[in-house]
Amino acid sequence: EQIVDQIEDSCVEETEVTYQEIDKLQNFGVLPADITKLKAGGCYTIASIYMRTKKELCAIKGLSEGKVDKILEASSKVQFSGFITGSEFLRKRKEVIHITTGCASLDKLLGGGIETMSITEVFGEFRTGKTQLAHTLCVSSQLPTSMGGGNGKVAFIDTEGTFRPDRICPIAERFGVSKDDALDNIIFARAYTHEQQMNLITDIAAKMVEDHFRLLIIDSITALFRVDFSGRGELADRQQKLGKMMSKLIKLSEEFNIAGI
């Protein structure tokens with residue numbers, strides 16, 4: 001009961017928003033209709049605008065080059081995107097959270113656990129515990145930061161049919177949290193093609209603006225690329241699309257202060 005109380009208290013105290021929503025652009029002359037178009041194109045924060053090229057912004061339906069220029073100008077007034085001092089960056093790095101893996105020796109090896117604002121790749125042979133680690137993190141990331149958690153929800157994109165809700169229950173019991181609450185704080189989606197996988201990664205930004213997330217898991221990121229692309233003739237296209245997906249994940253992790261697995 002004491003652990004549950006700590007978790008409930010942390011929901012009030014530790015959910016600090018670290019991003020600027022694009023709705024603030026209205027204060028600087030951007031029309032609500034254009035903001036709606038940005039959201040339809042997958043932009044929900046000021047940082048997401050900076051993280052796209054001008055060409056990508058112009059590709060959003062209904063946005064001309066002139067409108068994009070106005071949006072970029074307004075964005076610069078809401079959130080600064082230029083050089084900062086090393087001291088300022090150090091203060092920003094203090095927002096990074098380390099999420100426990102449930103194993104003290106592994107946490108020590110990782111410098112405190114799985115780090116937010118970054119992507120952690122887990123690799124190994126079949127049946128070495130990769131998916132089990134992912135399931136454990138689904139629960140540990142919901143714990144208060146004082147208990148080594150991230151105090152946030154989890155998004156799980158499953159490309160190989162590996163997610164098992166029943167595996168969450170004993171892990172939740174181990175950490176002293178309600179299995180029902182633990183499951184309710186996990187959103188799940190099954191991807192069957194690399195294109196659907198990319199769309200899900202793009203769509204998750206909308207949910208991260210609406211609610212407090214701390215972890216995004218993709219198990220696994222390369223499986224569908226191995227299926228959808230074959231032979232040396234498609235190697236360049238595969239690597240380009242995989243690179244874009246990794247870039248999108250890195251941007252999401254910095255934009256919302258989440259950990260990517």
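I counted the aromatic pairs and found four by the rule used here, which pairs rings of Phe, Tyr and Trp (its six-membered ring) if their centres lie within 6.5 Å, with planes under 30 degrees apart counted as stacked, over 60 as edge-to-face and the rest as tilted. I looked up Y19 and F256, which form an edge-to-face pair with 5.1 Å from centre to centre and 70° between the planes. I noted that this pair links distant parts of the chain, 237 residues apart: Y19 lies in the loop between α1 (2-13) and α2 (32-40), and F256 in helix α13 (residues 235-256). Helices (H or I, at least four residues) and strands (E, at least two) are DSSP runs, numbered from the N terminus.

I recorded that the model is predicted, so that local features need pLDDT of at least 70 and side-chain atom pairs count only at pLDDT 80 or more, while totals for chains, interfaces and linings use all residues. Residues are numbered from 1 along each chain as its sequence is written, and side-chain values use heavy atoms, with hydrogens and water left out.

I then checked burial, where buried means under 20% relative accessible area, exposed over 50%, and partly exposed in between (1.4 Å probe, protein chains only). Both Y19 and F256 are buried.

I turned to F163 and F188, whose ring centres are 5.2 Å apart with planes at 25°, so the pair is stacked. F163 sits in the loop between β4 and α9, and F188 in strand β5, 25 residues apart. F163 counts as buried because its relative accessibility is 10%; F188, at 44%, counts as partly exposed. I also noted one aromatic cluster formed by F156, F163 and F188.

I followed β5 into its sheet, where two strands pair if DSSP finds at least two bridges between them. The sheet is open, with five strands in the order β3-β7-β6-β4-β5 and parallel pairing. β3 (118-119) and β5 (186-190) each have a single partner strand and stand at the edges, so one side of each lacks a neighbour in the sheet. Strand β4 (residues 153-158) runs parallel to β5 and is joined to it by five bridges. I found A189 in β5 as the bridge partner of I157.

Finally, I examined helix α9 (residues 165-175), whose buried residues are I168, I171, A172 and F175. They line one face of α9, because they fall within an arc of 105° seen down the axis, the arc being that of the directions from the helix axis to the C-beta atoms. On the other side of α9, D166, E173 and R174 are exposed. Just after α9, G176 takes a positive phi of about 80°.
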